[in-house]
Amino acid sequence: MAFEFKLPDIGEGVVEGELTKWLVDEGADVAEDTPLFEVLTDKVSAVIPSPRRGRVSKRHFGEGDVVPVGAVVLTIEEASGSSAAAPAAAPAGNAQAAPEANVHAAPKASPAAVPAMEPVAPLAQASERVRAAPATRKLARSLGVDITRVAGTGDHGRVTQEDVSRAHTGVAAAAPAPRPSAPAPAAAAPRAPAAPTPPLAPTGLGADEVQKLLGLRRKISDRMRHSRDTAAHFTYVEEVDFTAISVLKDQLRDAGLRTTYLPFVMKAVAIALQRAEFHNINAHVDYQAGTLTKKAGVHLGIATATDAGLLVPVVLDVHGKSLRTLVGELAAMADAARANALPVASLSGSTFTITSLGKAGGMFATPIINQPEVAILGLHKIEKRPVVVGDAIVIRERMYMSCSFDHRIIDGHIGAAFVQAVRELLEAPALLLADLR
Amino acid sequence: MTRSNAAPTARAPDAGGAATSVSHPPPVAIAPMQVLRADGTIVDPEFIASVPPADIARLYAAMVAQRVYDDRMIKMQRQGRLGFYLACTGEEACAYGPAYALRNDDWMYPAYREPGVALWRGFPLQTWVDNLVGNCDDPVKGRQMPVHWSARAQNVVSISSPVGTQIPQCAGTAYAMRQRGDDAVAICFFGEGTSSEGDFHVGLNFAGVAKAPAIFFCRNNGYAISTPYEKTTAAPHIALRAHGYGIRGQVVDGNDLFAVIKAVGEAAAYARAGHGPTLIEAKTYRLAAHSTSDDPKAYRSREEEAEALIQDPLPRLRRWLEAQGLWDEAREQQTQTEASEAILAALALAEAKPHPPLSTLFDDVFAARTPLLEAQALELAAHLASGESAYRAAGGH
């Protein structure tokens with residue numbers, strides 16, 4: 001029988017630990033109390049002994065990985081008749097069934113549990129391989145220091161708190177890439193005192209509701225935080241004339257193909273991204289490895305609101321698909337999202353992300369990049385606005401686009417040129433047609 | 001067994017028991033009381049002769065077993081089978097010594113590192129383990145963290161997490177004994193860090209004024225979790241504070257089981273004779289981590305820990321017992337094996353027992369449930385019945 005050993009909370013309220021050393025190999029026979037691995041948490045460094053007798057069939061994490069408490073660290077094929085099997089197995093089984101277990105599930109252990117972002121998170125996982133204690137990582141986050149860029153002076157290159165502090169104080173001189181809007185020192189700025197919470201709610205409003213950050217929400221939080229902490233965001237906003245697209249859209253509708261504006265934007269983005277001068281934008285960055293991978297195909301993540309929270313399903317090969325195909329795929333995707341049935345496979349592999357708020361789009365925003373990508377395009381509300389054409393004021397369909405870039409990779413003029421290229425394609429759909437496949 | 005009060009390092013308490021005058025304050029002895037030194041030197045042969053050697057062998061066996069239990073519990077916690085644990089390792093003499101020196105009807109207020117005080121008095125190992133696991137046979141019904149057990153039948157009062165609360169409680173209990181004409185005494189245990197808490201002052205001052213038959217047993221193991229002694233007080237000894245309260249003070253070698261027995265025995269005799277409380281400071285060392293949530297590597301050196309091993313209370317006792325022909329390697333092995341088997345059997349039983357029923361959450365604060373509690377109980381029952389959530393620990397339904 002397979003026993004899945006989950007990382008216990010070895011110090012009151014610890015949420016994760018770094019697996020510092022494996023003490024057993026896969027295939028090794030272990031007895032009860034055989035030391036399995038060493039783990040370093042915020043509070044303690046400890047050797048974890050085996051609760052069972054059997055053979056180690058799988059190690060689910062590598063050395064240096066940060067393991068959430070409750071995640072399956074290793075699987076032991078139990079020798080028959082192992083003692084204590086029954087009582088200890090029961091809670092473990094129940095834990096899996098409990099809703100909150102999903103939060104803690106190891107990425108590889110249960111892909112279905114958190115379909116959300118796992119597959120599109122290679123950078124996040126890569127950066128976790130930096131050797132540092134959780135407390136050190138927390139310090140780095142609070143100081144706005146990118147821990148993946150700190151040279152570790154501890155054992156085996158482990159990044160220490162001193163390293164982080166040094167990187168923080170020397171950040172301006174040492175950082176090779178500019179962080180123009182880096183708010184690092186702001187973290188230390190005095191915070192306005194929080195307004196005291198009234199002990200009793202005003203009549204009729206009931207009590208405040210405290211909610212735990214679990215599951216998808218927790219995942220989204222971590223991803224957004226990570227993106228903000230690593231990428232040097234700058235956002236470029238431009239107004240685009242959608243009148244021509246609007247006419248095309250109506251013609252298609254009359255011909256029986258109902259579509260939104262999104263497929264047009266997707267095609268325009270794909271065509272622009274395929275131009276040589278914008279290849280760096282259709283790319284994945286791995287800062288730890290120091291590499292930028294320019295992606296051959298254009299696979300667009302479409303940020304999608306679901307009941308559970310934000311998901312980013314992916315439309316693959318947008319560069320090679322017809323408008324009609326895109327319309328069909330987007331409709332199917334929307335249905336699946338509503339039914340909470342987006343397949344896990346559809347959530348991975350994007351090379352660029354589009355986020356669209358439709359009618360609620362407002363004027364502009366500062367989208368956060370979906371790591372490890374290097375840019376994200378935000379679409380806003382299309383509305384009729386007065387525009388000066390020649391010397392006349394005319395009414396046109398207009399929309400603002402907000403495009404955030406990672407300034408570590410994308411220079412300002414490249415990002416601006418990209419947005420201008422997308423604008424030109426959308427304003428003169430003939431150009432779009434010229435490259436349409 | 002009679003024990004002399006004429007300790008070489010402590011002046012004898014006032015023989016007459018008259019009210020202590022300012023000119024004759026109770027003695028405070030800061031030279032550590034020792035009977036059997038770590039190097040085997042016997043300082044007080046007369047005292048050793050007063051204790052039946054077979055008792056010492058039993059005490060030693062219990063201390064060895066305690067170390068086996070502690071080792072097992074830490075492993076259990078690392079395996080995710082216990083929420084929390086605090087080991088006694090290195091301080092066994094400070095638990096088993098006082099337990100032996102006192103009568104079974106004396107009151108005990110342990111801190112959290114002395115399960116031995118109850119186990120020595122016959123607190124069942126199974127009940128202790130049931131508390132650690134938090135199952136349906138846990139005397140405190142799974143509501144407390146592990147280690148916060150209660151042993152009513154042994155006159156050992158429940159353990160509180162806030163440090164020092166037991167000190168005024170002990171003073172009050174001792175005062176009650178005196179008021180009642182009962183000659184039982186009360187002892188409480190606490191660390192040197194706790195002696196900086198306000199409750200320490202409240203308890204000792206009151207006990208001093210009331211001449212309560214109390215023993216304040218401070219285990220000075222050098223660290224308040226991670227804070228070294230030097231950073232908790234500027235005083236060279238905790239026992240010196242006895243002066244300020246006008247009570248008797250005694251420093252004792254806390255790794256010397258004989259000395260601890262002697263110091264507590266003297267303090268008890270002093271208290272029973274109506275002279276009032278004693279503050280005992282037992283100098284010892286915590287060989288293990290403060291708790292499973294602590295990692296001493298972060299704040300003390302390996303050299304310091306290695307040096308402390310010399311003072312380990314167990315080896316010196318074992319050498320003495322071996323010299324008396326009362327112990328050998330075979331007995332050592334047998335004791336460890338038996339302790340290991342006993343604790344594993346108790347754990348297997350404890351883990352197989354269900355959790356306490358959830359419905360008991362609403363019991364015990366009021367004799368009868370108040371309407372509000374009743375409503376909450378109904379709400380919980382309805383919530384559980386709705387199947388809205390799955391609960392891991394819902395042993396009650």
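Two strands pair if DSSP finds at least two bridges between them. The legends below use this term for a predicted model.

Figure 1. Strand β10 covers residues 283-286 of chain A, and four bridges join β10(A) to strand β11 (residues 291-294) of chain A. The two strands run antiparallel. One bridge pairs A:Val285 with A:Leu292 in β11(A). Between β10(A) and β11(A) lie four residues, and A:Gly290 in the turn has a positive phi of about 70 degrees. In a regular strand the side chains alternate between the two faces of the sheet. In β10(A), A:Ala283 and A:Val285 make up the covered face, while A:His284 and A:Asp286 make up the uncovered one.

**Figure 2. Strand β16 of chain A and its partners.** Strand β16 takes in residues 375-379 of chain A, and five of its five residues are buried. On one side are A:Ala375, A:Leu377 and A:Leu379, on the other A:Ile376 and A:Gly378, and both faces are covered. Strand β15 (residues 352-356) of chain A runs parallel to β16(A) and is joined to it by four bridges. Here the bridge partner of A:Thr353 is A:Ile376. Strand β18 (residues 392-406) of chain A pairs with β16(A) in the antiparallel sense, over five bridges. In β18(A), A:Met401 stands opposite A:Leu379.

Figure 3. A:Phe234 belongs to strand β9 (residues 233-241) of chain A. Is A:Phe234 buried or partly exposed? A residue needs 20 or more other C-beta atoms within 10 Å to be buried. A:Phe234 has 18 C-beta neighbours inside 10 Å, so A:Phe234 counts as partly exposed. In sequence, A:Phe234 and A:Ala375 are 141 residues apart. In space their C-alpha atoms are 9.5 Å apart.

**Figure 4. An open sheet of four strands in chain A.** The strand order is β1-β8-β6-β3 (chain A), and the pairing is antiparallel. At the edges stand β1 (2-6) and β3 (29-30) of chain A; each has a single partner strand, so one side of each is left without a neighbour in the sheet. Inside this order, strand β6 (residues 54-59) of chain A and strand β8 (residues 72-78) of chain A are joined by five bridges. A:Val56 has A:Ile76 in β8(A) as its bridge partner.

Figure 5. The average pLDDT of chain A is 80, and 80% of the residues score at least 70. Over residues 82-128 of chain A the pLDDT is below 50, and this stretch has 88 contacts in the model beyond near neighbours in sequence. The pLDDT is also below 50 over residues 171-194 of chain A, a stretch with 20 contacts beyond near neighbours in sequence. Where pLDDT is low, the predicted coordinates should not be read in detail.

**Figure 6. An open sheet of six strands in chain B.** Chain B has 13 helices and eight strands. The sheet has the order β1-β7-β8-β4-β3-β2 (chain B), with parallel pairing. β1 (28-33) and β2 (107-109) of chain B stand at the edges with a single partner strand each, so one side of each is left without a neighbour in the sheet. From one strand to the next, the twist averages 15 degrees. Strand β7 (residues 248-253) of chain B and strand β8 (residues 278-283) of chain B run parallel and are joined by six bridges. In β8(B), B:Lys283 is the bridge partner of B:Asp253.

**Figure 7. Helix α7 of chain B and its buried face.** Helix α7 (residues 198-210) of chain B has 13 residues and reaches 18 Å from its first C-alpha to its last. Its buried residues are B:Asp199, B:Phe200, B:Gly203, B:Leu204, B:Ala207 and B:Gly208. Seen down the axis of α7(B), these residues fall within an arc of 150 degrees, so they line one face of the helix. They pack against α6 (166-180), β4 (214-220), α8 (241-245) and β8 of chain B. After α7(B) comes B:Lys211, with a positive phi near 50 degrees.

Figure 8. B:Gly134 follows α5(B) and has a positive phi, near 75 degrees.

How values were computed: Residues numbered from 1 in each chain as written. Chains lettered and ligands numbered in written order. Axes fitted to C-alpha atoms, helices over the stretch in contact; angles between N-to-C directions. Expected span 1.5 Å × (residues − 1). Buried ≥ 20, exposed ≤ 12 C-beta atoms within 10 Å, placed from the backbone. Arc of directions from axis to C-beta. Contact = placed C-beta atoms within 7 Å. pLDDT = per-residue confidence, 0-100.
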